[in-house]
Amino acid sequence: MAKPKPDTSSSSSSKSSSSWFFSFLVSVLIIPVAAAVLLYLLESFDPASLPIHKFPHTPVTSPRVNPRLLQDSEMIGARKLFGPEDIAYDAKSGIIYTGCFDGWVKRVTFNDSVVHDWALTGGRPLGVALGRAGEVLVADAEKGLLEISEDGVVKLLTDEAEGVKFKLADGVDVAADGMVYFTDASYKYMLRDFIWDILEGRPHGRLLSFDPSTTETKVLVGDLYLANGVVVSPDQTFLIFCETMIKRCSKYYIQGDRKGSVEKFIDLTGMPDNILYDGEGHYWIGLATANDDLWDLALKYPSIRKVMPILERYIWRPQFKKNGGVLAVDLEGKPVAHYYDPVLSLVSSGIKIGKYLYCGFVFRPYMIRLDLDHHAARTTS
């Protein structure tokens, strides 16, 4: 009687299944992980540790809020104002000045919101401020500190300090005595690469002054973390400047016994951009973004920031959280009202003009205007 042949089909099937699973594991898990580790080890980008002790530890809350900033606003200059980053208002002429992505400093008439191309800088105008004799001062990210005469003639005032060129002239304001105060957000990275300044985590920013009578440029404060907006106090005794990366606005005294000293004005729970004074006892701080858990972790841990350039290069660019807006604070730095919207990001400026809140943006192709008589922030319960 012949012996039955052993059934090898089950064994073969089991081996085939194991082989398939192993191949799947290698191709889907092991190879990508090994590639990721190799990319991390070969990445030359070397982020620094940030001063975590300077970060706000308690949330900044406002007694009044409006979470519908964009929804309740009307668009101004749609498709004529590309990236209206900062706002300066001349009450005598009823004209709003703003710098746009296309290199033009534009005029917007307050009464009818008509947009006029006024002066072409040839760069990227960011901060704008009214001078004392009808001129407009401009912090141009590509050119430096500029002066534009009443008839639109552009003049370079300065593009370096202490032998170091500006890479990202950003905010500007003018004191009553004519002294010009401005910021260089980074002497290493240009505007198109500002994200790298944040990821690297080193203080490349500077607060500076320019004296029109002597043409001298001075560094007032160095080693700032993405120095941004700057404003002179109503009594002309100090400046307030913003550091976007560490979510802080600080005072720098320009008069009195504390001249030359720096102290905290307000810690924020979002990234500040410009700061403007409305002449009515309030500063308005543009908040590019609200707090973001991922970015907070990245700022705390350099290893996470080292991974982000790899992600950007091969997968996607890290995005900022929405909920951008404007925070109004009193002269002591206490929050008064917060206007924001879940869909907004990179809000760069805000200022109350008459009964309206005007807001500018880094990239959006318009400015927005909110009627505060109808859409004022309301008390939170």
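A residue is called buried when its relative accessible area is under 20%, exposed when over 50%, and partly exposed in between, using a 1.4 Å probe and protein chains only. Helices (H or I, at least four residues) and strands (E, at least two) are DSSP runs, numbered from the N terminus. By these terms, 6 of the 6 residues of strand β19 (residues 248-253) are buried, so β19 is largely enclosed by the rest of the structure.

The structure is a predicted model, in which local features need pLDDT of at least 70 and side-chain atom pairs count only at pLDDT 80 or more, while totals for chains, interfaces and linings use all residues. Residues are numbered from 1 along each chain as its sequence is written, and side-chain values use heavy atoms, with hydrogens and water left out.

**The chain as a whole**

The protein chain has 6 helices and 28 strands. Of its 381 residues, 51% count as buried. Contact means heavy atoms within 4.5 Å. Among the contacts in the protein chain with a separation of 6 or more, 53% come from residues 24 or more positions apart. The accessible surface, found by the Shrake-Rupley method with a 1.4 Å probe, is about 18200 Å², and 55% of this surface belongs to carbon and sulfur atoms.

**Strand β19 and its partners**

Both faces of β19 are covered: Arg248, Ser250 and Tyr252 are buried on one side, and Cys249, Lys251 and Tyr253 are buried on the other. Two strands pair if DSSP finds at least two bridges between them. Strand β18 (residues 238-243) runs antiparallel to β19 and is joined to β19 by 6 bridges. In this pairing, Glu243 stands opposite Arg248. The hairpin of β18 and β19 has 4 residues between the strands, and Lys247 there takes a positive phi near 55 degrees. β19 also pairs with strand β20 (residues 262-267), in the antiparallel sense, over 5 bridges. Here Cys249 stands opposite Ile266 of β20.

A charge sits over a ring if NZ of Lys or CZ of Arg is within 6 Å of the ring centre and within 35 degrees of the ring normal. Lys251 lies over the face of Phe238, at 4.5 Å from the ring centre. Another such case is Arg364, which lies over the face of Phe361 at 5.7 Å from the ring centre.

**An open sheet**

Six strands form an open sheet in the order β21-β22-β23-β24-β1-β28, with mixed pairing. The edges are β21 (271-277) and β28 (378-379), each with a single partner strand, so one side of each has no neighbour in the sheet. Strand β1 (residues 64-66) runs parallel to strand β24 (residues 335-340), and 2 bridges join them. Asn66 stands opposite Tyr339 in β24.

**Nonpolar cores**

A nonpolar core is a set of buried Ala, Val, Leu, Ile, Met, Phe, Trp, Tyr and Cys residues joined through side-chain atoms within 4.5 Å. The largest core has 32 residues, and those with the most contacts inside it are Leu69, Ile87, Tyr339, Leu357 and Tyr358. The elements that give two or more residues to this core are α2 (69-72), β23 (325-330), β24, β25 (347-353), β26 and β27 (367-371). The largest share, 5 residues, comes from β26. Leaving aside neighbours within four places in sequence, Tyr339 is in contact with residues including Asn66, Leu69, Trp284, Leu357 and His375.

**Aromatic pairs**

Rings of Phe, Tyr and Trp (its six-membered ring) pair if their centres lie within 6.5 Å; planes under 30 degrees apart count as stacked, over 60 as edge-to-face and the rest as tilted. By this rule there are 11 aromatic pairs. Two of them are listed here.

| Pair | Distance between centres | Angle between planes | Type |
|---|---|---|---|
| Phe110 and Tyr356 | 6.2 Å | 70 degrees | edge-to-face |
| Phe166 and Phe182 | 5.5 Å | 70 degrees | edge-to-face |

Phe110 lies in the loop between β5 (104-109) and β6 (115-120), and Tyr356 lies in strand β26 (residues 356-361), so their pair ties together parts that are 246 residues apart in sequence. Phe110 is buried at a relative accessible area of 17%, and Tyr356 is buried at 16%. Ring pairs also link Tyr89, Phe110, Tyr356 and Tyr358 into a cluster.

Phe166 lies in the loop between β12 (164-165) and β13 (169-174), and Phe182 lies in strand β14 (residues 180-184), so this pair ties together parts 16 residues apart in sequence. Phe166 counts as buried at 10% relative accessibility, and Phe182 counts as buried at 0%.
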